[in-house]
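Reader: I would like a close look at one part of this fold. Please be brisk, and give the cut-offs as you go.

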Amino acid sequence: MSVSGRPHLPSFSGATEWLNSEPLGHAELSGRVVVVNFWTLTCINWLRQEPYVRAWSQAYRDDGLVVIGVHTPEFSFEHETGWVRQAITARGIDYPVAVDNDYGVWSAFDNHYWPALYFVDTDGVISDSHFGEGRYEQSERVIQQLLGIERDLVPVEGRGVEAAADRAHLRTPETYLGFERGEHFASPNGAVLDERRAYEVPGSLALNQWALAGEWTVGPENVVLGQAGGRIAFRFHARDAHLVLSPGARESIPFRVLLDGEPPGPSHGVDVDVDGNGLLREGRLHQLVRQHDAVRERTLELSFGEPGAEAYAFTFG
């Protein structure tokens with residue numbers, strides 16, 4: 001639908017469930033300024049954007065702003081509402097979230113990105129949009145303009161996994177592990193698709209290459225460990241290293257991280273201790289490394305104490 005050639009707020013009727021709210025539609029949102037935020041719980045770009053969206057919701061709620069999160073899953077395990085609920089709790093999200101497991105809302109908006117922001121005026125017209133991270137000051141000024149107010153911007157500081165990327169030292173791109181989008185795989189003889197087999201890590205890895213050791217199954221969207229002791233190795237150049245992991249059918253799986261063959265010490269991520277120990281209990285993005293000193297090229301090794309671990313994608317910051 002459009003108004004005078006401008007796009008109008010689409011329907012949320014495609015949502016499969018609502019969290020933190022009863023279902024919202026045009027009747028409930030009439031006359032309100034609305035910000036719609038498309039996200040998926042494993043997306044590092046959304047995680048770094050979320051403290052701003054959360055701050056806007058809290059700062060401008062009494063001025064008439066309604067923020068609506070739309071969770072549209074990228075990976076199959078993200079269809080589980082329980083993981084979405086855990087992400088909402090972990091991030092302190094108290095605004096309404098539409099669960100979009102069937103991509104109905106995504107399609108209604110003709111959206112193509114995580115994260116995406118749509119800014120809707122009191123007439124229900126989408127007056128602005130932004131895709132990806134950044135442009136935070138401009139986005140908040142758009143909200144103020146739509147609300148008819150003007151004041152100082154809300155102070156925001158992302159912490160932990162929500163901290164802004166160190167782009168000046170970022171040399172390694174997002175890397176998917178499943179065969180549909182995977183690349184830079186360096187285990188000898190390549191991958192056998194959808195078949196459990198033994199892999200080895202080569203004697204050395206070039207920058208941005210990764211490899212498996214132990215028995216794994218390389219599937220369309222992930223790699224799944226078949227036997228305890230399996231490893232993933234990655235040669236990267238970035239301050240932060242993250243990996244999207246799920247325990248699959250298991251309740252928990254212990255894992256350990258090494259950097260250049262040693263415990264990470266003060267360069268451990270938020271999901272790992274100084275000795276490199278972590279516990280996989282949730283399907284989400286896990287921060288494995290945050291280099292505390294000069295950022296340089298490193299080799300990360302991740303080993304699992306039990307089978308069943310599912311690994312989806314590395315991201316860096």
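Which strands do the buried residues of H3 pack against?

Author: The model is predicted: local features need pLDDT of at least 70, side-chain atom pairs count only at pLDDT 80 or more, and totals for chains, interfaces and linings use all residues. Residues are numbered from 1 along each chain as its sequence is written, and side-chain values use heavy atoms, with hydrogens and water left out.

The buried residues of H3 pack against strand E3 (17-19), strand E4 (33-39), strand E5 (65-71) and strand E6 (97-99). Contact here means heavy atoms within 4.5 Å. Helices (H or I, at least four residues) and strands (E, at least two) are DSSP runs, numbered from the N terminus.

Take the helix itself. Thr81, Trp83, Val84, Ala87 and Ile88 of H3 are buried. Seen down the helix axis, these buried residues fall within an arc of 160°, so they line one face of H3. The arc is that of the directions from the helix axis to the C-beta atoms. An α-helix has 3.6 residues a turn, so residues three or four places apart point the same way. Thr89 and Ala90 are exposed, on the face of H3 turned away from its buried side. Buried means under 20% relative accessible area, exposed over 50%, and partly exposed in between (1.4 Å probe, protein chains only). Just after H3, Gly92 takes a positive phi of about 70°.

The largest pocket holds about 270 Å³. It has 16 lining residues, and Ala90, Arg91, Glu282, Arg284 and Leu285 are the closest to its centre. Helix H2 (44-60), helix H3 (81-91) and strand E17 (284-290) are the elements that give two or more residues to this lining. H3 gives the most, with five residues. By class, the lining has nine nonpolar, three polar and four charged residues. Ala, Val, Leu, Ile, Met, Phe, Trp, Tyr, Cys and Pro count as nonpolar, Asp, Glu, Lys and Arg as charged, and the others, Gly among them, as polar. A pocket, on a 1 Å grid over the protein atoms alone, is an open set of points with protein on both sides within 12 Å along at least five of seven lines; a cavity is a set where a 1.4 Å probe fits but cannot get out; lining residues have an atom within 4 Å of a point. Grid points are joined across faces, edges and corners, and a volume is the space filled by probe spheres set on the points.

H2 turns up again in the second largest pocket, where H2 and strand E19 (310-316) each supply at least two lining residues. That pocket has about 160 Å³ of space.

Now follow E4, one of the strands packed against H3. E4 and E7 run antiparallel, joined by five bridges. Two strands pair if DSSP finds at least two bridges between them. Val120 in E7 is the bridge partner of Val34. Five of the five residues of E7 (116-120) are buried, so this strand is largely enclosed by the rest of the structure. Ala116, Tyr118 and Val120 point one way from E7, and Leu117 and Phe119 the other way. In a regular strand the side chains alternate between the two faces of the sheet.

E7 also has E8 (126-131) as an antiparallel partner, again through five bridges. Phe119 pairs with Asp128 in E8. Five residues lie between the strands of this hairpin, where Gly124 takes a positive phi near 80°.
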